[in-house]
Amino acid sequence: MESHIAITPEINIQEGYENLIDPKSGGICTFIGTVRDLNNEKEVSNLFFEAYEKMAILKLEELAQEAGSKWPLNKVVLIHAVGMKKITDPVVFVGASSAHRDAAFQASRYLIDRLKEVVPIWKKETYQDHSSWINAHP
Amino acid sequence: MKINAFGIAKDITGASQIEFPMEETFVKVKDLKSLLYQKYPDLINLPSLAISVNLFYASEETIVNKHDEVALIPPVSGG
């Protein structure tokens, strides 16, 4: 299995897709996470993402390998954005290609769920009047 | 010991990298956390605080060398 991992200021969706194309794959599944306008009914102005880049790359690589051992995947792409992001901007790109669609769907779901749990990346939301780190408060 | 801090932990410590005085060369993660909580009490209020050592999540019993790459990992929120 081949994996393509990146932490980048700008996510290139076309490039993410191209890194999943594979002659042995009959299915490519992708998930793109984007900035939405409301969180807990508060209006979001923008989001700022910070990563512990060296560790995040290592964890993403580990997740790709985990998915590759659970499902028969040919290619996996994991890209996360850092820096300031506006509403509708893509912030995460997850994709898997496999001979059949089932594995690609399941692996993509697994990858985004695990990424949110373990990869050292943090988002700070800025509202009209203040900003705060997400998940950081009891 | 140099300690990297991210997200809200960086706001609490006041810098992305702090120089944390350590007399001993080796310290257990749980003891390091106690020392950090003494100096930065606001860290106690976080829902969780993981410590990474040389880019891997450490357990409470992991032994840290003062020259290791250590980081404070508050609850992650990527994606």
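I looked up B:V53 and found B:F56, in β5(B), as its bridge partner. The model is predicted, with ipTM 0.95 and pTM 0.94. For chain B I noted an average pLDDT of 96, with 100% of the residues scoring at least 70.

I then checked the strands around that bridge. β4 (residues 50-53) of chain B pairs with β5(B) in the antiparallel sense, over 2 bridges. I traced the order of the open sheet as β2-β1-β7-β4-β5 in chain B, 5 strands with mixed pairing. β2 (17-19) and β5 (56-57) of chain B are the edge strands; each has a single partner, so one side of each lacks a neighbour in the sheet. I found helix α2 (residues 29-39) of chain B lying across β1, β2, β4 and β7 of chain B, at about 120° to β4(B).

I picked out A:K54 with B:E69, at 2.7 Å from N to O. This pair crosses between chains, from helix α2 (residues 53-70) of chain A to the loop between β6 and β7 of chain B. A:K54 is partly exposed at 49% relative accessibility, and B:E69 is partly exposed at 24%.

Within chain B I looked at B:E61 and B:K28, whose closest N and O atoms are 2.9 Å apart in a salt bridge. B:E61 sits in the loop between β5 and β6, B:K28 in strand β3, 33 residues apart.

In chain A I recorded a salt bridge between A:E66 and A:R114 at 3.8 Å, N to O. It joins helix α2 to helix α3 of chain A, across 48 residues. I also noted that A:E66, A:R114 and A:E117 are linked in a salt-bridge network.

Terms used. Residues are numbered from 1 along each chain as its sequence is written. Chains are lettered from A and ligands numbered from 1 in the order in which they are written. This is a predicted model: local features need pLDDT of at least 70, side-chain atom pairs count only at pLDDT 80 or more; totals for chains, interfaces and linings use all residues. Side-chain values use heavy atoms; hydrogens and water are left out. Two strands pair if DSSP finds at least two bridges between them. Helices (H or I, at least four residues) and strands (E, at least two) are DSSP runs, numbered from the N terminus. Contact means heavy atoms within 4.5 Å. Axes are lines fitted to C-alpha atoms, for helices over the stretch in contact, and angles run from 0 to 180 degrees between N-to-C directions. pLDDT is the predictor's confidence in each residue, from 0 to 100. A salt bridge is a side-chain nitrogen of Lys or Arg within 4 Å of a carboxyl oxygen of Asp or Glu. Buried means under 20% relative accessible area, exposed over 50%, partly exposed in between (1.4 Å probe, protein chains only).
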